[in-house]
Amino acid sequence: MLIACFYAVCYFFAKSFPPGFATLTVSIWFLSGVQLLFLGIVGEYVVRTYDEVRRRPIALVREIVENPARASLAGENK
């Protein structure tokens, strides 16, 4: 914003700028700022997704089912 004011003042008082210089420079600064803003938003999304995934277990067990044949073999070894 400050650079836009500076170029506007220089454009009206100095008259030494080439045509379109102030417009081009201010638009580049503005679009770069918008791009950095959205890059920060995407970065926050990725970090929050990573933190959420990191806290989850590898697998969820819904039910434990015992195999009767295996249970009898385990009892014989005792």
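In which helix do Arg48 and Glu44 lie, and how many residues apart are they? Both belong to helix α2. They are 4 residues apart, or about one turn of the helix. Keep this pair in mind, as it returns below.

## The model and its confidence

This is a predicted model. The protein chain has an average pLDDT of 81. Of its residues, 86% score at least 70.

Helix α2, residues 21-54, has the highest mean, at 92. Helix α3, residues 68-76, has the lowest, at 62. Where pLDDT is low, predicted coordinates should not be read in detail.

## Overall build

The protein chain holds 3 helices and 0 strands. Starting at the N terminus, the order of elements is α-α-α. Helix α1 covers residues 2-13.

The chain has 78 residues, and 5% of them are buried. Its accessible surface is about 7700 Å². Carbon and sulfur atoms account for 68% of that surface.

Side chains of opposite charge can pair when their charged atoms come close. Arg48 has a relative accessible area of 61%, so Arg48 is exposed. Glu44 has 45%, so Glu44 is partly exposed.

The other bridge links the side chains of Asp51 and Arg54, with an N to O distance of 3.3 Å. These two residues also sit in helix α2. They are about one helical turn apart because 3 residues separate them in the helix. Asp51 is partly exposed, at 25% relative accessible area. Arg54 is exposed, at 55%.

## A buried threonine

Is Thr25 buried or exposed? Thr25 is buried, because its relative accessibility is 12% and the cut-off for buried is under 20%. This residue is found in helix α2.

A polar atom of its side chain lies 2.8 Å from the backbone oxygen of Phe21.

## A nonpolar surface patch

Which residues form a nonpolar patch on the surface? They are Val9, Tyr11, Phe12 and Phe13. Together they have about 490 Å² of accessible area.

Val9 lies in helix α1. Its relative accessibility is 46%, so Val9 counts as partly exposed. A patch residue needs over 30% relative accessible area, so Val9 passes that cut-off.

Notes:
Residues are numbered from 1 along each chain as its sequence is written. This is a predicted model: local features need pLDDT of at least 70, side-chain atom pairs count only at pLDDT 80 or more; totals for chains, interfaces and linings use all residues. Side-chain values use heavy atoms; hydrogens and water are left out. pLDDT is the predictor's confidence in each residue, from 0 to 100. Buried means under 20% relative accessible area, exposed over 50%, partly exposed in between (1.4 Å probe, protein chains only). A polar contact is a pair of N or O atoms within 3.5 Å; within protein, one must be able to donate a hydrogen and the other to accept it, and residues adjacent in sequence count only if both atoms are side-chain atoms. Accessible areas come from the Shrake-Rupley method with a 1.4 Å probe; for residues, only the protein chains shown count as cover. A salt bridge is a side-chain nitrogen of Lys or Arg within 4 Å of a carboxyl oxygen of Asp or Glu. Patches are made of residues with over 30% relative accessible area and no salt bridge: like charges are joined within 9 Å, nonpolar side chains (Val, Leu, Ile, Met, Phe, Trp, Tyr) within 5 Å.
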